[in-house]
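User: I am new to this structure and would like to go through it in questions and answers.

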Amino acid sequence: MKPQILNRLGEMTASAAQKALDLAMPPHCPVTREEISSSAALGPRAWSAAHFIEAPFCARCGVPFAAEYGEGVECPSCIAEPPDFSRARAALVYNDASHGMIVGFKHGDRTELADMFGRWMARAGADIFTSSSVLAPVPLHPGRLRARRFNQSALLARSVAKETGLQVSLDGLIRRRATPPQKDLSAEGRKRNVSGAFGVRHEEAKARFKDAHVVLVDDVLTTGATLSAAARALKRAGAAQVDALVLARVVKGGIGAI
Ligand SMILES: [Zn+2]
């Protein structure tokens with residue numbers, strides 16, 4: 001049989017197998033649990049609850065503004081206490097819908113969502129990328145990586161790289177010590193918790209980050225403490241500029257922030 005025909009047959013078999021699987025175990029939306037037709041998509045209710053971030057936003061941290069204040073305007077928290085990264089961009093506001101997506105992604109083995117998130121993040125980060133930017137996922141400590149089996153930030157970074165063609169350093173930035181979850185800590189506690197937690201592993205990674213524009217990749221930006229600590233480690237390793245790209249960010253405060 002000709003190879004094209006074999007390929008075509010292979011595709012048909014794969015799609016028939018997927019259809020059979022969908023019938024036996026219909027895919028569910030990771031947010032609302034409603035049945036959906038494709039395992040890579042969200043249900044209509046989750047789509048309508050997802051809040052994509054669009055301009056205008058703070059030129060530095062990317063927090064959305066309710067009105068246009070002009071080019072380069074920063075929010076009060078960035079002016080009062082600038083983060084250690086230069087700019088951050090996020091695809092979504094962190095709300096019930098994006099929380100559900102991230103939980104589904106992190107704990108529910110819905111790793112196929114990474115492609116969709118990668119597309120959204122590539123769009124959100126379009127104004128910070130250069131053709132030579134290096135993507136660097138925020139690492140997990142090896143102990144936590146073993147427990148969780150995958151680093152969601154690394155999956156996101158790989159998807160953004162696939163979408164943009166940018167290079168990615170999956171293991172150059174490391175977590176030198178395990179830190180308790182940031183979840184229940186105050187802003188000050190979060191800063192202390194992650195201070196000095198990151199480093200750059202080896203000479204090869206140092207060479208890669210030296211004088212480079214590095215874009216840190218993570219799932220959620222809350223206070224920015226983790227991204228700031230990671231940015232400091234990259235700058236110590238010689239990075240020229242460190243920006244950040246996340247799937248979702250918490251939105252509070254800011255000039256008329258929504
Ligand atoms: Zn800001």
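User: Among contacts in the protein between residues at least 6 apart in sequence, what percentage join residues at least 24 apart?
Analyst: This is a predicted model, in which local features need pLDDT of at least 70, side-chain atom pairs count only at pLDDT 80 or more, and totals for chains, interfaces and linings use all residues. Residues are numbered from 1 along each chain as its sequence is written. Two residues are in contact if their C-beta atoms, placed from the backbone, lie within 7 Å. For contacts between residues at least 6 apart, the share joining residues at least 24 apart is 74%.

User: How are helix 5 and helix 7 oriented to each other?
Analyst: The axes of helix 5 (residues 113–124) and helix 7 (residues 152–164) come within 8 Å and cross at roughly 60°. Phe117 and Met121 of helix 5 and Leu156 and Val160 of helix 7 are among the residues that make the contact. Helix 5 passes helix 7 in a right-handed crossing. The two helices, helix 5 and helix 7, are therefore oblique.

User: Is Asp211 buried or exposed?
Analyst: Asp211 is in the loop between helix 9 (203–209) and strand 6 (213–221), and its phi is positive, near 60°. A residue is buried with 20 or more other C-beta atoms within 10 Å of its own, exposed with 12 or fewer, and partly exposed in between. Because Asp211 has 9 other C-beta atoms within 10 Å, Asp211 is exposed.

User: Which residue does a cis peptide bond join to Ala55?
Analyst: The omega of this bond is about 5°.

How values were computed: Axes fitted to C-alpha atoms, helices over the stretch in contact; angles between N-to-C directions. Helix = DSSP H or I, 4+ residues; strand = E, 2+ residues; numbered from the N terminus. Parallel < 35°, antiparallel > 145°, perpendicular 65-115°, else oblique. Left-handed = near helix turned anticlockwise from the far one by under 90°.
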